[in-house]
Each structure stands twice: as C-alpha cells, then as structure tokens.
Amino acid sequence: MSKAPRRNDPSRRERILQATLDMLVEHGISHITHRKIAEAADVSLGSMTYYFDGIESLLSEAFTQFALQMSDEYRSRMEQASNRTEACEAIVDMICGEKMATSYNLQVMYQLYAYANRNPALKIIMQDWMCRSQQVLETFFDPITARTLDAFIEGMTLHYVTDRHPLSREDLSRMLAKIVG
C-alpha cells in the first residue's frame with residue numbers, strides 16, 4: 001500500500017536536495033539516479049522533474065546548498081574568535097571537531113571535487129566556497145596567509161579524518177603557529 005501523496009508539502013524540494021547529498025555519500029556520483037533520490041526523499045519521480053531540469057541542475061543546487069551550509073558553519077565558528085590566537089584555536093576546532101570534519105561532509109566534498117573536475121561549470125561552486133573561506137580568514141590574517149590557511153584546513157581535515165594516527169591538537173597548533181608566524 002503506497003502512501004497518500006502530500007499535496008501541500010513545502011519541504012519537498014529541500015528533502016530532494018538532502019536526499020541527493022545522502023545518495024552521493026551512499027552510492028557515489030556515478031551511481032545515483034532520479035529514482036534513488038526520489039525514493040530516499042519520499043517523493044514521486046514527477047517531483048524530480050517539477051523542481052529540477054535534470055540531474056545536472058539537481059547536483060549543482062545540492063552542491064551549492066552544501067557549500068553554503070559549510071561556509072555558514074565555518075564563518076560562525078570563526079566569528080567566535082576575537083584575535084589571531086583564538087582564530088588559530090577555531091581552525092584547530094574545525095579540523096578536529098565533530099561538527100565540520102565528519103566523514104559525511106568529507107564524502108560530499110570529495111564527490112564535489114571529483115565531479116567539478118569533469119564539469120567545469122561546477123568549479124564556480126568550489127571557487128566561491130574558497131573565496132568565502134578566505135574572506136573569513138582575512139579578518140585575522142593577510143590574504144596570502146589566509147589562502148595558505150584555507151589550503152591547510154582542507155588538507156589537514158582530510159588527514160585528520162582518514163589518518164590511522166591523526167596529529168594531536170597540539171601538533172596542529174604548532175603547525176599553525178609556523179604558518180601564521
């Protein structure tokens with residue numbers, strides 16, 4: 001027995017976008033389909049084409065939403081800092097913390113990286129995300145240092161989540177001290 005359709009469902013579009021990210025994590029970008037996403041979002045297949053022109057526009061919007069959400073969390077954490085020392089502590093928190101450096105988030109990020117490499121139009125999502133991150137860091141650091149820190153955060157987050165013996169917070173703090181002088 002199927003569920004009765006939800007005629008007035010204001011969260012349908014958002015569920016589709018979230019299900020897209022979930023399916024990326026579960027199946028990888030090359031194995032997701034409209035059908036899998038619709039089933040995961042608990043919507044009809046017709047809803048997929050009602051809200052999105054195709055899989056490309058769906059992926060683009062889902063990745064954009066994810067990047068904006070990550071940027072908001074990044075900015076929110078950095079806004080808690082009032083000086084360079086606290087900014088460095090915030091960076092270590094982002095690398096080691098359980099809020100941003102999750103396996104789920106990293107899987108979505110690296111699906112985006114791989115997909116954008118094959119789809120140049122999506123590089124804009126990544127470029128805008130990097131710019132937002134660097135602008136936040138420029139509150140405390142000069143532009144070159146901010147760019148270096150942005151790359152450091154990206155790389156160290158991957159290492160922290162995947163390394164058999166991740167660096168300690170103290171080691172990361174010492175590395176940051178070298179970068180920021």
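**Cavities.** My rule: on a 1 Å grid over the protein atoms alone, a cavity is a set of points where a 1.4 Å probe fits but cannot get out, and lining residues have an atom within 4 Å of a point. Grid points are joined across faces, edges and corners, and a volume is the space filled by probe spheres set on the points. The largest cavity holds about 140 Å³. I count 13 residues in its lining, with Met70, Met100, Met109, Ile153 and Glu154 nearest the centre. Two or more lining residues come from each of helix 4, helix 6 (103-118), helix 7 (123-137) and helix 8 (143-162). Helix 8 gives the most, with 4 residues. Helices here are DSSP runs (H or I, at least four residues), numbered from the N terminus. By class, the lining has 9 nonpolar, 2 polar and 2 charged residues. Ala, Val, Leu, Ile, Met, Phe, Trp, Tyr, Cys and Pro count as nonpolar, Asp, Glu, Lys and Arg as charged, and the others, Gly among them, as polar.

**Ground rules.** I note that this is a predicted model, where local features need pLDDT of at least 70, side-chain atom pairs count only at pLDDT 80 or more, and totals for chains, interfaces and linings use all residues. Residues are numbered from 1 along each chain as its sequence is written, and side-chain values use heavy atoms, with hydrogens and water left out.

**Salt bridges.** I find 5 in the whole structure (a side-chain nitrogen of Lys or Arg within 4 Å of a carboxyl oxygen of Asp or Glu). Glu61 pairs with Arg13 at 2.3 Å, N to O. Glu61 is in helix 4 (residues 55-79) and Arg13 in helix 1 (residues 12-27), so this pair ties together parts 48 residues apart in sequence. Glu61 is partly exposed at 28% relative accessibility; buried means under 20% relative accessible area, exposed over 50%, partly exposed in between (1.4 Å probe, protein chains only).

Asp93 meets Arg169 at 2.5 Å, N to O. Asp93 belongs to helix 5 (residues 84-96) and Arg169 to helix 9 (residues 169-180), so the link spans 76 residues of sequence.

I also see Arg174 bridged to Asp171, with the closest N and O atoms 2.2 Å apart. Both sit in helix 9, 3 residues apart, about one helical turn. Shared partners join Arg77, Asp93 and Arg169 into one network.

**Annotation.** I checked UniProt: an unreviewed entry lists "domain: HTH tetR-type" for residues 10-70. Over residues 10-70 I get 77% helix and 0% strand, with the end C-alpha atoms 23 Å apart.

Terms used: UniProt positions renumbered as here; feature names shortened; annotations may be inferred. 1 Å grid on protein atoms, 1.4 Å probe; cavity = no way out; pocket = protein on both sides within 12 Å on 5 of 7 lines; lining within 4 Å.
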